Amino acid sequence: MAQLLTPLHGYLSKMQAGEKRFAKRLEQWLEDDYLCWYDLPVGKRQRYADFIIVHPLRGLLLLEVKDWKLDTIHSIDKQFATLLTSNGLKQVFNPLEQARQCAYQLVNQLEQDPQLLSHTGKYRGKLAFPYGYGVVLTNITREQFEATDLNEVLPWNRVLCKDEMLESTAPEDFQQCLWNMFEYQFPKPLTLPMLDRIRWHLFPEIRIGATQGCLFEDSAESSEADSSSLLPDIMKVMDMQQEQLARSLGTGHRVIHGVAGSGKTLILGFRCLYLASLLHKPILVLCYNIALAARLRVLMQEQGIADRVNVYHFHDWCAELLRHHHVDPPAYGADYLGTLVQTVIQAVASGHIPRGQYGAVMIDEGHDFQPDWLKLVSGMVDPETDSLLLLYDDAQSIYNKDKVLDFSLSSVGINVRGRTTVLKLNYRNTDEVFSFAHHFARSYLQALDSDEDHIPLLTPQSAGRHGLEPELRHFDSFSKETRTIAHWLQHWHDNRNMAWSEMCVVYRHTPQGRQLHEALQAAAIPCQWLDSTKTKKQFNPHDDSVKLMTMHSSKGLEFPLVVIAGLGFMPEEGQDVQAEAKLLYVAMTRSTEKLLLTYHQETVFTRLMQGLDILPSLKEGDSYCIQLDS
Ligand SMILES: Nc1ncnc2c1ncn2[C@@H]1O[C@H](COP(=O)(O)OP(=O)(O)OP(=O)(O)O)[C@@H](O)[C@H]1O
């Protein structure tokens, strides 16, 4: 079965009858290695092709689908067709010319990418794979076609007719009609990286990295020669599952249950961008973590949609709702936050705060939300769109002390039967960091009963990127630990060309944060300490400073280098060991490249880590850390 990357269920209502039939045939009759998209704007000039099909050996095919009947075609030439409609004669483009132009635009763009070209032989300098284009006439049979002179403007091999896509048609015959539309065949199949590059060029919105998130290229007029010199060597795009998921999120409620680093926030970004161009009401993005909310706000600003997407951490949103609707907030005191939430819930119940205010609501890190919060938030979605997305990873639930999600989602107004997707592949961490974190945490993470309404605990898989082994370092005292960390940071900055903004130091308790901050200040290292609500709200990952924060604050964030300091203080006596282990797991999985863990006294965690045979044996002077305090 072909992979339809624009999943049919979201598009069937938009499709003409013939398009629906054709899409179903593609899904049924093409094998797994065919990729198909429907009705997406492609490339620089944002032209639409009804269908795009890519196959590793066959190449790239663009198709226009027409439900025309023979007697509705008044006249047709190579450029235009005149149709008899209920409103009289109507002139439209010849569909083959449409498909041809779209194909040439794309081919021109793809030919700017040296990695997609042949470098030898007669096709040197041309695409290293074939391409074709054609027309599907869903209401004209081959016999009818041949009885006319249509062949003069629609060559027979570039047309697939009604009787070639019937239920009774043999799949091989259907495929043959598609392959007749290619003029050439190449012996070598497209490699996976080439397929990713093609997707990168076709659909800017699925790019990851510098240009990730653009739904539209900067300028349709920008010179192709210019852009070719800027093409990255490695093109990162969403994987097929992520792309399919991102494109399939239509109306209704949806849960994405993904392991740490599986691209949940990436999909949220795609979704915001897409919906911002469609919806009239604002979009609400909520999370629990203040620093994550700040990071997401930066993301929305970078996408140019900050005016249409409201990002808050949950309690900030509650306070903002009260302010905006002139409802008195509770007095500061014990359980201020709990009372704040209850005040909002009551104000909504009494009609002082209207429901359904948002065109779409997205909840990142939904595992930290309590049932009454989710109920409140789900009531805020405009019933017309009913668009709610909950992103979730139980292994990272670090705030709820009680058993997490020990309630059904339907009990809080979230209806996701049949609409839960699981993402298991961790892209953020290197295989080394990922294995270390996973081996450490797995004995503490217990699976909950799972059905679609309750969220199971997932076993993550590594995407397989390799890097340095994590390191665990012991010191005689915590003060020596903090001074050494400061020295290492300086070393990486000066000798390893690492920007300050790429480094993060995390700790468990405030006194350790203070000591670390003092050590970094004493070493004159630019440092942003997220020690208050104000500084967390000001967090900007791009600021040229080392970030210092608690493990809780680090959730949802990522940095090339993560130093986890003060392991000797974890877990403290009387603390819930499982909860502390989860917290440590969250902190470890923030690292995209290097992970360093430090401690000054043994604990149950450091002993467990030393027992993990994946830790490297440390040789003096032979590590990426530098020797200090000789
Ligand atoms: N298909 C992919 N190819 C390459 N990199 C990817 C892919 N998907 C995600 N990433 C990268 O992996 C990292 C983690 O993605 P993201 O922050 O969206 O994950 P997450 O599921 O929200 O993680 P967490 O729950 O731990 O916060 C990001 O740097 C993102 O760019």
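Helices (H or I, at least four residues) and strands (E, at least two) are taken here as DSSP runs, numbered from the N terminus. On this basis the secondary structure of the protein comes to 20 helices and 25 strands. The structure is a predicted model, in which local features need pLDDT of at least 70 and side-chain atom pairs count only at pLDDT 80 or more, whereas totals for chains, interfaces and linings use all residues. Residues are numbered from 1 along each chain as its sequence is written.

The predictor's confidence in each residue is expressed as pLDDT, from 0 to 100. The protein has a mean pLDDT of 87, with 88% of its residues at 70 or more, and the predictor assigns the complex an ipTM of 0.99 and a pTM of 0.85. Two residues are said to be in contact if their C-beta atoms, placed from the backbone, lie within 7 Å. Over residues 211–226 the pLDDT stays under 50, and the model has 21 contacts beyond four places in sequence for this stretch; over residues 447–455 the pLDDT likewise stays under 50, with 20 such contacts. Where pLDDT is low, the predicted coordinates should not be read in detail.

A residue is classed as buried if 20 or more other C-beta atoms lie within 10 Å of its own, as exposed if 12 or fewer do, and as partly exposed in between, with C-beta atoms placed from the backbone. Of the 630 residues in the protein, 43% are buried. Among contacts with a separation of 6 or more, 74% are accounted for by residues 24 or more positions apart. A nonpolar core is a set of buried Ala, Val, Leu, Ile, Met, Phe, Trp, Tyr and Cys residues joined through C-beta atoms within 7 Å. The largest such core has 163 residues, and V285 and V505 have the most contacts inside it. Residues up to four places away in sequence not being counted, V505 touches I485, L516, V546, L548, V563 and A565.

Strand β12 (residues 253–258) is largely enclosed by the rest of the structure, because 6 of its 6 residues are buried. From this strand H253, V255 and H257 point one way, while R254, I256 and G258 point the other way. In a regular strand the side chains alternate between the two faces of the sheet. Strands are taken to pair if DSSP finds at least two bridges between them. Strand β12 pairs in the parallel sense with strand β16 (residues 387–392) over 5 bridges, R254 standing opposite L389 in β16. Strand β12 also runs parallel to strand β17 (residues 420–423), to which 4 bridges join it, and there the bridge partner of I256 is T421. An antiparallel arrangement is found for strand β5 (residues 73–76) and strand β6 (residues 80–85), which are joined by 3 bridges. These two strands form a hairpin with 3 residues between them, and I73 has L83 in β6 as its bridge partner.

Of the 20 residues around the ligand, A260, G263, K264, T265 and Y427 come nearest. Helix α9 (residues 264–276) gives the most to this shell, with 3 residues. By class, the shell divides into 5 nonpolar, 9 polar and 6 charged residues, where Ala, Val, Leu, Ile, Met, Phe, Trp, Tyr, Cys and Pro count as nonpolar, Asp, Glu, Lys and Arg as charged, and the others, Gly among them, as polar.

S591 lies in strand β25 (residues 591–599) and counts as buried because it has 31 C-beta neighbours inside 10 Å. Its neighbours within four places in sequence left aside, S591 is in contact with N429, V433, F559, L561 and V562.

Some backbone features remain to be described. Most residues other than glycine have a negative phi, and most peptide bonds are trans. A cis peptide bond, with omega about -10°, joins M570 and P571, and P571 is found in the loop between β24 (559–564) and α19 (577–588). H326, in the loop between α11 (314–324) and α12 (336–349), has a positive phi near 55° and is exposed, with 9 other C-beta atoms within 10 Å. A524, in the loop between α16 (510–522) and β22 (527–529), has a positive phi near 60° and is exposed, with 9 other C-beta atoms within 10 Å.

Note on methods
A residue is near a molecule or strand if its C-beta atom, placed from the backbone, lies within 6 Å of it.
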